[in-house]
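Here's a quick walk through one structure for anyone meeting it for the first time. Have a look at the picture, then read on.

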Amino acid sequence: RGSDWSTPYARILSIGRQLRKAHLCVAHPRVGQAAPRYEKIAKDSEMPNPGPTPARMVRFLILFCVCLLAGFILLFTPFIQPAVDGFSRGIVSIAAVLIRLCGGRAMAVADIMQNPVSHFQIRMANGCNGVNVTVLLWAAVIAFPASWLQKGKGLLAGTLAIHSVNLVRFISLFYLGQYSQPWFDFAHMYLWESLMMLDTLVVFWTWVYFVNKSGSSIAHAGAH
């Protein structure tokens, strides 16, 4: 009779030991083995989503103000002024060349562009050469939390975008001033000033969008 119950009992014990070993293998993987998929998903779901915190915003504002102040101090130092004046003369020369290529009449004399027929002339002053808004953009890009490679790309692309728009501004004012002085004054004092600031903001926020998109793509790729 002992053989009638001992064999099933032994089988039950054997099955129990096998289930226990299988449970330990799943719950506690050996060293060098990959963790179960459900554990990785759980850990990924628990990772915090970094966003604009008050501390980061305060840090950005402080760095922005410091960089902006340093940029304008450097801009108005005596040894920088010759470079700024040369830059203004370069913009005038490029504008005159573009006008002549399109069939217009214009000649550059230092920082002044004039029409040799009507003798109308317009001067590229320091506040009209786009340097001020460039300093504004540089301060914002440098203060923003991003890699130096991303900042370098933003500074280069943003500077080209700003001065391309400013070149269009200067040429449009050259033509507008020959036909209507009131419209010239309005465009010079109000319209283009607002558009240059808007252009700077659009350039900065476009760069921020691509920086955040690049960071999200890298984080997403790293999670897989």
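Helix 6 lies across strand 2 and strand 3, and its direction is about 145° to that of strand 3. Keep in mind that this is a predicted model.

So what are those strands part of? They belong to an open sheet of three strands, with the order 1-2-3 and antiparallel pairing. Strand 1 (107-109) and strand 3 (121-123) are the edge strands, each pairing on one side only. On average, neighbouring strands of this sheet are turned by 25° against each other, direction ignored. In general, strands of a sheet pair through backbone hydrogen bonds. Here, strand 1 and strand 2 (residues 112-114) run antiparallel and are joined by three bridges. If you want a spot to look at, methionine 107 stands opposite glutamine 114 in strand 2.

Now back to the helices.

| Helix pair | Axes come within | Crossing angle, roughly |
|---|---|---|
| helix 5 (residues 131-143) and helix 6 (residues 148-179) | 10 Å | 160° |
| helix 3 (residues 54-75) and helix 5 | 8 Å | 145° |

How does helix 5 run relative to helix 6, roughly parallel or roughly antiparallel? The axes cross at roughly 160°, which makes helix 5 roughly antiparallel to helix 6. The crossing of these helices is right-handed. By class, the contact of helix 5 with helix 6 has nine nonpolar residues, four polar and one charged.

The crossing of helix 3 with helix 5 is right-handed.

One last stop: serine 88, which is found in helix 4 (residues 81-101). Is serine 88 buried or exposed? Serine 88 has a relative accessible area of 2%, so it counts as buried. Which residues does serine 88 touch, leaving out those up to four places away in sequence? Serine 88 touches Met124, Asn126 and Asn129.

Methods. Residues are numbered from 1 along each chain as its sequence is written. This is a predicted model: local features need pLDDT of at least 70, side-chain atom pairs count only at pLDDT 80 or more; totals for chains, interfaces and linings use all residues. Side-chain values use heavy atoms; hydrogens and water are left out. Axes are lines fitted to C-alpha atoms, for helices over the stretch in contact, and angles run from 0 to 180 degrees between N-to-C directions. Helices (H or I, at least four residues) and strands (E, at least two) are DSSP runs, numbered from the N terminus. Angles under 35 degrees count as roughly parallel, over 145 as roughly antiparallel, 65 to 115 as roughly perpendicular and the rest as oblique. A crossing is left-handed if the near helix is turned anticlockwise from the far one by less than a right angle, and right-handed if clockwise. Ala, Val, Leu, Ile, Met, Phe, Trp, Tyr, Cys and Pro count as nonpolar, Asp, Glu, Lys and Arg as charged, and the others, Gly among them, as polar. Buried means under 20% relative accessible area, exposed over 50%, partly exposed in between (1.4 Å probe, protein chains only). Contact means heavy atoms within 4.5 Å. Two strands pair if DSSP finds at least two bridges between them.
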